[in-house]
Amino acid sequence: MEVTKKRILLKDYVVGPPKEADMVASTETVRLEVPVGSKGVLLKNLYLSCDPYMRNRMNRPLEGQEETYFTPFKPGSVITGLGVARIVDSGHPDFKVGDYVWGSTGWEEFTLISNPETLFKIKYTDVPLSYYTGLLGMPGLTAYAGFYEICSPKKGEYVYISAASGAVGQIVGQYAKLLGCYVVGSAGSNEKVNLLKTKFGFDDAFNYKEEHDLAAALKRHFPEGIDIYFENVGGAMLDAVLLNMRNHGRIAVCGLISQYNLEKPEGVHNLFCLITKRIRMQGFIVIDFYNRYDEFVETTRQYIKEGKISYVEDVVEGLESAPAALVGLFTGRNVGKQVVVVARE
């Protein structure tokens, strides 16, 4: 059977903030079957995830640039990212037609995956399938590993999370509260600040756009200092945090969204605090913790069943809405995890 599928291509390498015009809709005629003899699988994409790291994949590769953990997009090619899909044809003995999976897929209606070993089978369907783009997918595991492994938290510690209403931050804050920590988050609108305090149970939150002195704002919320900082922003925020860290504090560097659209990244001026306060600052990548995925899912699913974790998604309908949804991440338009519905089934 042949069908005409919709897809989203990268038009050209991006400089500065991404625009919808950097991406273009296209169609292609494909057969809904895997090639004879292939061990690949054919996916019908249901939900796509918009994530800040995708902006870095739009950059022109620099000559001699060290290999990074992500592959740059190529102009004229289908954009790829994480998503949830149903298998409609399979040549692999471990993947059956009708199985639900999440993992790397194309921004298109159907995607042929030649190495399905990279996909995660979805074991539990008693939660919304879209959760596997967020709460039970990569952002959730990022929060779980970053907080419990990198931050080495203890009950009663003071925890600060930037970009706290986003896909990762909202989960980190709830893990911290479940452990018995004091948690404050920042976000870019009063709506998001209210969400942190009323929906996710943060002890306090503030709108960083209304603060003229970030260091003073943090001192106001943490008069005794910060034990753990979950870093999603970078730049001026990181500088302000360093001044407010306690001795032997820990900083988990998950993302630096304030820097992604800059041709020349900003410097950090208060790094001497790492020495004087004996702070441990560590970057991490979620793929290093994929071996913890089953443990993470079991733990977090139980929290969901017990009503101990809430999750907010910002859902848009239709593949054609994906470019605007991705661009919106960098202007703060989304409230919660940004999800694109390609097909309900």
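So, which strands form the open sheet here, and in what order? Six strands do it, in the order 10-9-8-11-12-13, and the pairing is parallel. Strands pair in a sheet through backbone hydrogen bonds, and that can be parallel or antiparallel. When I say two strands pair, I mean that DSSP finds at least two bridges between them. Helices (H or I, at least four residues) and strands (E, at least two) are DSSP runs, numbered from the N terminus.

Some housekeeping before we go on. This is a predicted model, where local features need pLDDT of at least 70, side-chain atom pairs count only at pLDDT 80 or more, and totals for chains, interfaces and linings use all residues. Residues are numbered from 1 along each chain as its sequence is written, and side-chain values use heavy atoms, with hydrogens and water left out.

For angles, axes are lines fitted to C-alpha atoms, for helices over the stretch in contact, and the angles run from 0 to 180 degrees between N-to-C directions.

Let's walk along it. Strand 9 is joined to strand 10 by four bridges, and the two run parallel. One place to look is Val184, whose bridge partner in strand 10 is Asp204. Helix 1 packs on this sheet, touching strand 8, strand 11, strand 12 and strand 13, and its direction makes about 150 degrees with that of strand 11. By touching, or contact, I mean heavy atoms within 4.5 Å. Helix 3 (residues 190–198) lies across strand 9 and strand 10, and runs at about 175 degrees to strand 10.

Now find strand 11 (residues 226–231). How many of its residues are buried? Six of its six, so this strand is mostly covered. Buried means under 20% relative accessible area, exposed means over 50%, and partly exposed is in between (1.4 Å probe, protein chains only). Strand 11 runs parallel to strand 8 (residues 158–161), joined by three bridges, and parallel to strand 12 (residues 245–253), joined by five. Click on Tyr229: Tyr160 has Tyr229 as its bridge partner in strand 11, and Tyr229 stands opposite Ile251 in strand 12.

Next, helix 2 (residues 169–179). This one is mostly covered too, with eight of its eleven residues buried. The buried ones are Gly169, Gln170, Ile171, Val172, Gly173, Gln174, Tyr175 and Ala176. They pack against helix 1, strand 8, strand 9 (182–187), strand 11, helix 7 and strand 15 (337–341).

On to helices against helices. Two packed helices are described by the angle between their axes and the distance between the axes. Take helix 1 (residues 138–150) and helix 7 (residues 293–305): their axes come within 10 Å and cross at roughly 100 degrees. That makes helix 1 roughly perpendicular to helix 7. The cut-offs go like this: under 35 degrees is roughly parallel, over 145 roughly antiparallel, 65 to 115 roughly perpendicular, and the rest oblique. On the helix 1 side you have Gly140, Leu141, Tyr144 and Tyr148, meeting Tyr293, Glu295, Phe296, Thr299, Thr300 and Tyr303 of helix 7. By class, this contact has six nonpolar, three polar and one charged residues. Here Ala, Val, Leu, Ile, Met, Phe, Trp, Tyr, Cys and Pro count as nonpolar, Asp, Glu, Lys and Arg as charged, and the others, Gly among them, as polar.

Our other pair is helix 4 (residues 214–221) and helix 5 (residues 236–244), which pack at an angle of about 45 degrees with axes 8 Å apart. That makes helix 4 oblique to helix 5. Leu214, Ala215, Leu218 and Lys219 of helix 4 make the contact with Ala236, Met237, Ala240, Val241, Leu243 and Asn244 of helix 5. The class count there is eight nonpolar, one polar and one charged.

Last stop: Ile87, in strand 4 (residues 80–90). Is Ile87 buried or exposed? Ile87 counts as buried because its relative accessibility is 0%. Among the residues it touches, beyond four places away in sequence, are Val41, Leu43, Phe95 and Gly98. Gly98 sits in the loop between strand 4 and strand 5 (100–106), and at 34% relative accessibility Gly98 counts as partly exposed.
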